[in-house]
Every structure is written in structure tokens, then in C-alpha cells.
Amino acid sequence: MKIESTLSSIAREVFAASNAVDAKRIFIDYVSSSHIKESDKNKMLTEASKMTSLLQIHRYTANAILKYEGLGL
């Protein structure tokens, strides 16, 4: 059985989105309904809501995976 991280499970959908609005909606909807620690969830939602371009959302998603999954430096 392979265990997948919370954020990794939506990364494909976020990166496959064709525009920033869809990518942001996917990210925010998922994080809002996840079991992520409340303080982390609030920070992610605040940051994601500021994003205006697809590149920003892609970068934030990738960085959030690294940071919140314990893979960052």
C-alpha cells in the first residue's frame, strides 16, 4: 500500500489546470476540506487567495508540498 501525502494528491490536478482560476479553486477547495492542521491550513488559504497567475499557483503548490510534507531544507 502506497501512502500519498495530502498535498501531493491534488498536485496533478493543480498542474493540469488550464488557467489560474481553476488551479486556485482546486487548491483552495481541497485545502479547505482537508484534515491539515488549522494554522497551516489558514496560512495556505491566505497565501493561495493572493495568487493571480498560474505560475504562482504552481510554484506555491510545489513549495507547500516540500514545506508541509517535511521535505524542505
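How do H2 and H4 lie, roughly parallel or roughly antiparallel to each other? Hold that one for a moment. Some ground rules come before the answer.

This is a predicted model, where local features need pLDDT of at least 70, side-chain atom pairs count only at pLDDT 80 or more, and totals for chains, interfaces and linings use all residues. Residues are numbered from 1 along each chain as its sequence is written, and side-chain values use heavy atoms, with hydrogens and water left out.

Now the overview. The chain has four helices and zero strands. From the N terminus on, the order is α-α-α-α. Of the 73 residues in the chain, 32% are buried. Buried means under 20% relative accessible area, exposed means over 50%, and partly exposed is in between, with a 1.4 Å probe and protein chains only. Contact means heavy atoms within 4.5 Å. Take the contacts with a separation of 6 or more: residues 24 or more positions apart account for 57% of them.

Back to the opening question. Two packed helices are described by the angle between their axes and the distance between the axes. Axes are lines fitted to C-alpha atoms, for helices over the stretch in contact, and angles run from 0 to 180 degrees between N-to-C directions. H2 and H4 pack at about 30°, with axes 8 Å apart. H2 and H4 are therefore roughly parallel to each other. The cut-offs are these: under 35 degrees is roughly parallel, over 145 roughly antiparallel, 65 to 115 roughly perpendicular, and the rest oblique. The crossing of H2 and H4 is left-handed. That word applies if the near helix is turned anticlockwise from the far one by less than a right angle; clockwise gives right-handed. On the H2 side, the contact is made by Ala20, Ala23, Lys24 and Phe27; H4 brings Leu54, Ile57, Tyr60 and Thr61.

Next pair. Helix H1 covers residues 8-16, helix H2 residues 20-32, and the two pack at about 160° with axes 8 Å apart. H1 and H2 are therefore roughly antiparallel. Their crossing is right-handed. Ser9, Ile10, Glu13 and Val14 of H1 meet Ala23, Ile26, Phe27 and Tyr30 of H2.

A search of the whole structure finds one aromatic pair. Phe27 and Tyr60 form it, edge-to-face, at 5.8 Å centre to centre with 75° between the planes. Rings of Phe, Tyr and Trp (its six-membered ring) pair if their centres lie within 6.5 Å; planes under 30 degrees apart are stacked, over 60 edge-to-face, the rest tilted. The pair links distant parts of the chain, with Phe27 in H2 and Tyr60 in helix H4 (residues 54-68), 33 residues apart. Phe27 counts as buried because its relative accessibility is 2%. Tyr60 is buried too, at 15%.

Which residues does Met44 touch, not counting those up to four places away in sequence? They are Leu7, Phe27, Val31, Ile36, Tyr60, Ala64 and Tyr68. Met44 sits in helix H3, residues 38-50. At 0% relative accessibility, Met44 is buried. Met44 and Tyr60 are 16 residues apart in sequence and 8.9 Å apart in space, C-alpha to C-alpha.

Last stop: His58, in helix H4. His58 is buried, with a relative accessible area of 17%. Leaving out residues up to four places away in sequence, His58 touches Val14 and Phe15.
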